[in-house]
Amino acid sequence: MAAIISDKFRIFNATQFLESLSEGSSDTGAERTRMYFFVGRPQRWDAYLEIYNANNTAFVVGNEVYVGANYAGATFKGQVRAVYENSILLFQVGPQTNSVPGVGSTLKGYNGTSDTGAQAVTGVYRYATEDVPPVPLDNQTEKYDIYDDIIAAKRITTDFARNVIRRFNWDQAANPKFDMWKPDYSTTPGSGGQVGKAGATGATSIADAKYYLINSQYEVFKCLFNGQDPDNVNGQDATNEPKTTPSGGQGSFADGIFTEDPGANGYIWKYMYTIPTDDVLRFLSTDFMPIVLPSDSNRQAEETRAANDPNAIDVVLVENRGSNLPNGTHYAPILGDGTGGKVTIVVSGGSIQSSVVSDRGSGYTYGTVALETGLVSGDANWTGAAYGLYSNSGLTSSLTVGATAVGALEVVIPPQGGHGSNMEEELNAKRVMTNIRLTYAEGSGDFPVDNDFRRIGIIKDPYAFGTSTFATTSTLNGVYAVRVNGATADYQVDETIRQTNSNGGYAYGTVVSWELDSGNAGPGGAGVLKYIQSPSAHTDAGVVRSVEASANAIEGLSSLASGAVTTTAIDAAAAAATLGGVTFANGLATPEIANNSGELIYVENRRLITRAADQIEDIKLVIEF
């Protein structure tokens, strides 16, 4: 069964995404969507290998592992970065980077000269390096893993999101020619009895056409006419930059229309809107440009203009110059379901030289121009509309056209509502850009500046931690934290920490941030230790155990730092319950995002992005629907 998902469906979804950010009267209501941009993955990218049925000899960090009869002939090798209960992290994988251990293979340890005796059975494997992040997986296990290493999140509001379209600049070298907006572009398939219609640049759909631009003044124009005629079936090169304030001899602008000199044979552009400075800074990129919000005054003015003359005609093309037509300047009504449209036609040597719309009319969803002897207005055959050629613009003096005269004009029907009535549909806005600026330690410390991140994404409607209530604050902390006193040294970001649990086991975590209390010169001392925990790296006897508010020290396994959990204020700055963007109770703090709540609608794995105390990150995400 033949079917299609139209671009309008994608445009609808993109528009709905934006509208959902402000719908409804309540910020916690079901009508509104609460989108959060998040950063995560502070730990490095390494190849991940699941293992099970390990024997009693441990794999050792720094040693190698391999799959095969012996090390020399092994088809898969790697150096051990870290060893966990049920997985190993590897780097320098070989002999080729695409070497893989088959599921169920026997993994063996190797110390550089001989086998160590360590063995395990291999499971799931994913290759990754700091330069080659893994492709995200769209499954439930991946979702759990992503939540486990979220560092922080920032609310996406309408201030931080726009519909965007591909960017085409006024650049006569890079973009000498533009397609004109037409309603009937289509492909010509290899078979199937269908012949399509392409634009000047070869585009076979309006979605692929280059029919608009941004000029040097950040004004956006849509091409209504590109000089196409029977002698230039692919149109002409543009000569004048469209502007709302053109300089002398460089075209004219009136009633929302820019016309190139020399008039009828030059480009015609429809002004759409001007991108304001804030949107230029936030949403204009090398590849994309924003559509302004519906509240923009320039946009509203053009929408009003379109509403006053809905579905008006701006262009009538010369499809065939014809022959044996009467010479002179003639006039003809535009026939169809609209009213009031007229075209001026210049004939020389019996052939049509040009056609220019002199009265745009309104209400057209189809239209034609009849090149024959005219009928006076009121003829019953045309339900009150005149047709044919006339010698005067009032269409009262009909022109006799000979029986052998031929020629053809094509009426270009505007988009529904007219040019400028629906910016998103007219410009094919099936993408949304979010621009999130992370300013220093944003959110009073929710976004720490002493680590890096390698993953970004968007979560829809997460809950506040420990509740079933939608999170609504502007920023959310995504990590655990503990107040530490008397640390013997500074904890290191990305190192593993460990605390003896009250039941005799261990609570493990990975350090995200270590921030000393104000006035503490260090090294070591009192401060806030932020960390993440995940089943892939922090289990003890199969369980991820919580750090406790006890006398048992928290140890840094790389830094050898050791400090105690404290429930009392260390100095005046630490006396508050909230410190470093997190709220403490009995010396401990939880994330502000309920784990695994909401829906992950976008995930991107990247190379590391380093943060610093004096640094601002401006992150643009483009989501295509």
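Biologist: Which residues line the largest cavity?

Modeller: The model is predicted, so local features need pLDDT of at least 70 and side-chain atom pairs count only at pLDDT 80 or more, whereas totals for chains, interfaces and linings use all residues. Residues are numbered from 1 along each chain as its sequence is written, and side-chain values use heavy atoms, with hydrogens and water left out.

The lining of the largest cavity consists of V39, I151, F447, P448, N451, D452, F453, V512 and R611. A cavity here is a set of points, on a 1 Å grid over the protein atoms alone, where a 1.4 Å probe fits but cannot get out; lining residues have an atom within 4 Å of a point. Rolling a probe the size of a water molecule over the atoms shows where empty space is left. The largest cavity holds about 50 Å³ of space, a volume being the space filled by probe spheres set on grid points that are joined across faces, edges and corners. Its lining divides into six nonpolar residues, one polar and two charged. In this division Ala, Val, Leu, Ile, Met, Phe, Trp, Tyr, Cys and Pro count as nonpolar, Asp, Glu, Lys and Arg as charged, and the others, Gly among them, as polar.

The largest nonpolar core has 39 residues, among which I165, M180, W269, Y273, M289 and L427 touch the most other members. A second, separate core of 27 residues includes V512 together with L18, F160 and V479. Such a core is a set of buried Ala, Val, Leu, Ile, Met, Phe, Trp, Tyr and Cys residues joined through side-chain atoms within 4.5 Å; buried means under 20% relative accessible area, exposed over 50% and partly exposed in between, with a 1.4 Å probe and protein chains only. In soluble globular proteins, nonpolar side chains tend to be buried together.

By the rule above there are two cavities of 30 Å³ or more.

A pocket is an open set of points with protein on both sides within 12 Å along at least five of seven lines. The largest pocket has a volume of about 1,000 Å³ and a lining of 38 residues, with R41, Y48, L89, D145 and S536 nearest its centre. That lining comprises 14 nonpolar, twelve polar and twelve charged residues. At least two lining residues come from each of β2 (47-52), β4 (76-83), β5 (87-94), β7 (115-126) and α2 (140-148); α2 gives the largest share, six residues. Helices (H or I, at least four residues) and strands (E, at least two) are DSSP runs numbered from the N terminus.

S87, in strand β5, touches two of the residues named at the centre of this pocket, Y48 and S536. S87 counts as buried because its relative accessibility is 1%. The C-alpha atoms of S87 and A537 are 7.9 Å apart although 450 residues separate them along the chain.

As for the whole protein, it comes to six helices and 38 strands, and buried residues make up 48% of its 625 residues. Its radius of gyration is 34 Å, whereas a compact globule of 625 residues would be near 25 Å; the radius is taken over C-alpha atoms, and the globule rule is 2.2 Å times the number of residues to the power 0.38. The C-alpha atoms fill a box of roughly 105 × 65 × 45 Å along the principal axes. Of the contacts with a separation of 6 or more, 71% join residues 24 or more positions apart.

Terms used
Contact means heavy atoms within 4.5 Å. Lists of a residue's contacts leave out its neighbours within four places in sequence.
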